[in-house]
Amino acid sequence: MFAENKKLSLKQFERMFLIEIFGTFSLTMPTLVTRGFGYNGIYAFLFGILLAGIYLLFLLGVRRRLKGTSLYFERSFHVFGKRTILFLYFIRFVVKNAYTMLLFVSLIGDTILKGQGNLRILIPFIVICAYVAYQGIETRGRVLEVLYFFIFVPLIFVILLSIPELSYAEWIPKGAFHGKEFLKTSYIVLLSYSPMEFLLFESGYFEEVERKEIGRQEEVITKKNTIAKMAGKGFIRASFFHIVIFLVTIGLFGVTLTKDSLWSALAMMETAKLPADFISRLDILLIAFWIFSLFGVTSGYSTYSMWLLKDVWKEKRKGVMLAIFFSLSGILTLLLPDIETSTALYFRYLGVIDFPIAIIIPLLSIIFYKRKYRERSIEV
């Protein structure tokens, strides 16, 4: 599809990073936040984004401390054992991919293909995601770079058309402020940013310097746009769109109606109308926007699961690796209960098991590896 040199540009990284952290919960977030904290949801939303920013700084610190992506896994292998790390990351990605695909199946089944079986909807989606993952990181980067415009241009367009219909009184926080619900809802917002963990995989595919040949000599020029800066830009833009979608949804339907359906933000398109009745409904654009976003996240889980397994198997067995990954996640998708129940279970899993693992492994990898290195230095 594209020439493969296993390299990404910084611009591709920024757009990939933006889609990955924005795609999964961009449309369900207004419902989750209002269910958790009602009319005071904006406080929990903003605090959750602040926590997500701290998590991003943590990931960037891990990368900087270990001076490269591959070293993170090498050191985690050394501390925890290779099989343990590969098993944990693979299982985590299978579970997260299964829920992402359930979102896709539920969205399409409730809108475009009503009455169709989940398997019929799921198989074409798996085939496309597997193909992109099989082609490699550069193909994925270029595909998401193209989809970037198909995702955000229609979204901006719809938001602008919705502005005249907003009720700004719905934005005003009111009611009792309960600390427990505030922290719980903020934690849910933080968990929705968990795909930022992809940073530990993606940042190893390019250098932060560019080289310029001068005669027979080579001069190294430091790039102004480092990975940290591009990740920061992607995070800020994703958070901005998250907040805008939240405010627009609340302004259109109010807190009470927003709580009723997990797809409350999807109704935003039915309210926005183009001039002169060019298109009476724009919900198909928002559905397409989320399809592309979910594709970006799912292709990430599959690509990096294959990236992990190739340390055990040979590169030529990429097809087998992808078949195992999508078979397991696909079966789990079909076994999961309805989307409402699965969402509650999924966030419980993220909060109690998945996210703590994502913090503990890199943290302990840095601490214990340093101790072992110092002990060896003293012995020598």
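Tutor: What follows covers salt bridges, a pocket and a surface patch.

Student: Fine, what should I keep in mind about the model and its numbering?
Tutor: This is a predicted model, in which local features need pLDDT of at least 70 and side-chain atom pairs count only at pLDDT 80 or more, whereas totals for chains, interfaces and linings use all residues. Residues are numbered from 1 along each chain as its sequence is written, and side-chain values use heavy atoms, with hydrogens and water left out.

Student: How many salt bridges are there by this rule?
Tutor: The count comes to six salt bridges, a salt bridge being a side-chain nitrogen of Lys or Arg within 4 Å of a carboxyl oxygen of Asp or Glu.

Student: Which residues are linked in a network of salt bridges?
Tutor: The network links Arg-92, Lys-96, Glu-197 and Asp-354. Within it, Lys-96 meets Asp-354 with the closest N and O atoms 3.2 Å apart, and this pair links helix α14, where Asp-354 lies, to helix α5, where Lys-96 lies, 258 residues apart. Lys-96 also meets Glu-197, at 4.0 Å from N to O.

Student: Are Asp-354 and Lys-96 buried or exposed?
Tutor: Both Asp-354 and Lys-96 are buried, and Glu-197 is buried too; buried means under 20% relative accessible area, exposed over 50%, and partly exposed in between, with a 1.4 Å probe and protein chains only.

Student: And what about Arg-35, which residue does its side chain meet in a salt bridge?
Tutor: The partner of Arg-35 is Glu-340, at 2.8 Å from N to O. Arg-35 sits in helix α2 (residues 29-37) and Glu-340 in helix α14 (residues 339-379), so the pair, 305 residues apart, links distant parts of the chain; helices here are DSSP runs (H or I, at least four residues), numbered from the N terminus. Arg-35 is partly exposed because its relative accessible area is 37%, and Glu-340 is likewise partly exposed, at 32%.

Student: Changing topic, where does the largest share of the lining of the largest pocket come from?
Tutor: Helix α14 gives that share, seven residues. The lining has 16 residues, and those nearest the centre are Lys-184, Ile-188, Thr-343, Ala-344 and Phe-347. A pocket is an open set of points on a 1 Å grid over the protein atoms alone where a 1.4 Å probe fits, with protein on both sides within 12 Å along at least five of seven lines, and lining residues have an atom within 4 Å of a point.

Student: Last one, where does Ile-156 lie?
Tutor: Ile-156 lies in helix α7 (residues 137-162), and it counts as partly exposed because its relative accessibility is 39%.

Notes: Helices (H or I, at least four residues) and strands (E, at least two) are DSSP runs, numbered from the N terminus.
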